[in-house]
Amino acid sequence: MSSQPLFNLTLPVAIGSDHAGFEHKEEIISYLEGKGLKVKDVGAHSGDSADYPDFAHPVATLVEREQAAFGILVCGSGNGVAITANKHQGIRAAICWGEELSRLARAHNNANVLCIPARFVDDSVAKQIVDVFIGTQFEGGRHENRVRKIACL
């Protein structure tokens, strides 16, 4: 695993949320589409109560199968979606509530699913976190061996 290129943005960005993250998800979708990116929205499709695994698993599966450039998951704390997505082999889901966490998740951990805690960030911060995640390259080097040790084989 050498230094990775930025995401393959010819593929769609997979995105999902539960009810707590629904409004942020909708804002992020509009933002990404406004930048000319394709988006695969797996739900939720309303603010009605919904179970986060129902959306985290499909996003993780799309990323795992290389049918999405990367994933974005949004729930109240970010914890539920991160725990769920990280059950998938090859998924490195990171909870980010600021730009620096987003940068480090990509640069040091080669994160491929961004988890945003909707109750702790506003829409403008969420968009900044997304921009940093998209624009940061995995550094490789000393981090490669660490990332390689993450998978349970």
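# Close-up views of a predicted model

**Figure 1. Contacts of Ile-116.** Leaving out residues up to four places away in sequence, Ile-116 touches Ile-28, Ile-72, Leu-73, Val-74, Cys-75, Gly-78, Cys-96, Val-121, Ala-126 and Val-130. The model shown in this and the following figures is predicted. One of the residues touched by Ile-116, Val-74, is also the bridge partner of Ile-116, which belongs to β5.

**Figure 2. The largest nonpolar core.** This core comprises 25 residues, and those with the most contacts inside it are Ile-28, Leu-32, Phe-70, Ile-72, Leu-114, Ile-116 and Val-130. Two or more residues are contributed by each of β1 (13-17), α1 (22-34), β3 (71-75), β5 (113-117) and α5 (123-135). The element that gives the most to this core is α5, with 5 residues. Another core, of 20 residues, lies apart from the largest one; its members include Ala-14, Ala-50, Leu-62 and Cys-115.

**Figure 3. The open sheet.** Which order do the 5 strands follow in the sheet? The order is β2-β1-β3-β5-β4, and the strands pair in parallel. From one strand to the next, the twist averages 20°. Within the sheet, the parallel strands β3 and β5 are joined by 5 bridges.

**Figure 4. Helices α1 and α5 against the sheet.** Helix α1 lies across β1, β2, β3 and β5, and runs at about 160° to β1. Helix α5 also packs on the sheet, where it touches β3 and β5; the direction of α5 makes about 165° with that of β5.

**Figure 5. Helix α5 and its buried residues.** The helix has 13 residues and reaches 18 Å from its first C-alpha to its last, close to the 18 Å expected at 1.5 Å a residue. Which residues of α5 are buried? They are Ala-126, Ile-129, Val-130, Val-132, Phe-133 and Ile-134. The cover over these buried residues includes α1, β3, α4 and β5.

**Figure 6. The surroundings of Asn-112.** Asn-112 is located in the loop between α4 (99-109) and β5. Is Asn-112 buried or exposed? With a relative accessible area of 10%, Asn-112 counts as buried, because that value falls under the 20% cut-off. A polar atom of the Asn-112 side chain lies 2.9 Å from the backbone oxygen of Gly-90. When neighbours within four places in sequence are set aside, Asn-112 is in contact with Phe-7, Val-63, Phe-70, Gly-71, Gly-90, Ile-91, Arg-92 and Phe-133. Among these contacts, Phe-133 is one of the buried residues of α5, and Phe-70 is one of the residues with the most contacts inside the largest nonpolar core.

**Figure 7. Ala-82 in helix α3.** Helix α3 spans residues 79-85 and includes Ala-82. Ala-82 is buried, its relative accessible area being 6%. Beyond its neighbours within four places in sequence, Ala-82 is in contact with Ala-93, Ile-95 and Cys-115. Cys-115 is also among the members of the core of 20 residues. Although Ala-82 and Tyr-52 are 30 residues apart in sequence, their C-alpha atoms are 9.8 Å apart in space.

Figure 8. Are Glu-66 and Asn-110 buried or exposed? Glu-66 is exposed, with a relative accessible area of 65%, whereas Asn-110 is buried, with a relative accessible area of 7%.

**Figure 9. Glu-144 in helix α6.** Glu-144 is placed in helix α6, which covers residues 142-148. Its relative accessibility is 16%, so Glu-144 counts as buried. Glu-144 and Arg-106 are 38 residues apart in sequence, and the distance between their C-alpha atoms is 12 Å.

Note on methods:
Residues numbered from 1 in each chain as written. Predicted model: local features only at pLDDT ≥ 70, side-chain atom pairs only at ≥ 80, totals over all residues. Heavy atoms only, no water. Core = buried A, V, L, I, M, F, W, Y, C linked by side-chain atoms within 4.5 Å. Buried < 20%, exposed > 50% of the residue type's maximum accessible area, 1.4 Å probe, protein only. Helix = DSSP H or I, 4+ residues; strand = E, 2+ residues; numbered from the N terminus. Contact = heavy atoms within 4.5 Å. Polar contact = N/O pair within 3.5 Å; in protein donor to acceptor, adjacent residues only side chain to side chain. Expected span 1.5 Å × (residues − 1). Pairing = 2+ DSSP bridges. Axes fitted to C-alpha atoms, helices over the stretch in contact; angles between N-to-C directions.
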